[in-house]
Amino acid sequence: MIFLIQYDRRKGHLISMDSFRDSERKNAQDALLALERRLNKNGDNTEVVLLEAQSEDLIRKTHRRYFEDLNELTTMPI
């Protein structure tokens, strides 16, 4: 799976996440480019990334900062 993530660094929260099958890599790359162009044109400085993993659950574990607030990130489960 490929995930297109838009994240607001200033506010510390996820704006959007779209997923694509591995066979849709070109579509994911085109969507990334279109989003970056639109954001740049509007002067928006949010973070946009493509991430690849076997599942959304894995992305949520390996890239926690996109999905959890600061309190959640600094609190380790017992």
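Guide: Here is a walk along helix α1 and then across the sheet beside it.

First, some ground rules: this is a predicted model, where local features need pLDDT of at least 70, side-chain atom pairs count only at pLDDT 80 or more, and totals for chains, interfaces and linings use all residues. Residues are numbered from 1 along each chain as its sequence is written, and side-chain values use heavy atoms, with hydrogens and water left out.

Helices (H or I, at least four residues) and strands (E, at least two) are DSSP runs, numbered from the N terminus. Helix α1 covers residues 25–41, and at 1.5 Å a residue its 17 residues should span 24 Å, which agrees with the 24 Å between its end C-alpha atoms. That expected span is 1.5 Å times one less than the number of residues.

Now, which way does the helix face? Ala28, Leu32, Leu35 and Leu39 are the buried residues of α1. They sit on the same side of α1, because they cover an arc of only 70 degrees around the axis; the arc is that of the directions from the helix axis to the C-beta atoms. Here's the handy rule behind such patterns: an α-helix has 3.6 residues a turn, so residues three or four places apart point the same way. On the other side of α1, you'll find Lys26, Arg37, Asn40 and Lys41 exposed. Leu33, also in α1, counts as partly exposed because its relative accessibility is 38%. (Buried means under 20% relative accessible area, exposed over 50%, partly exposed in between, with a 1.4 Å probe and protein chains only.) Just after α1, Gly43 takes a positive phi of about 75 degrees.

So what lies over the buried residues? Their cover includes β1 (2–8), β2 (13–20) and β3 (47–52). An open sheet of 3 strands has the order β2-β1-β3, with antiparallel pairing; two strands pair if DSSP finds at least two bridges between them. The edge strands, β2 and β3, each pair on one side only. Between β1 and β2 there are 7 bridges, and Ile2 stands opposite Phe20 in β2. Helix α1 packs on this sheet, touching β1, β2 and β3, and its direction makes about 170 degrees with that of β3. Contact means heavy atoms within 4.5 Å; axes are lines fitted to C-alpha atoms, for helices over the stretch in contact, and angles run from 0 to 180 degrees between N-to-C directions.
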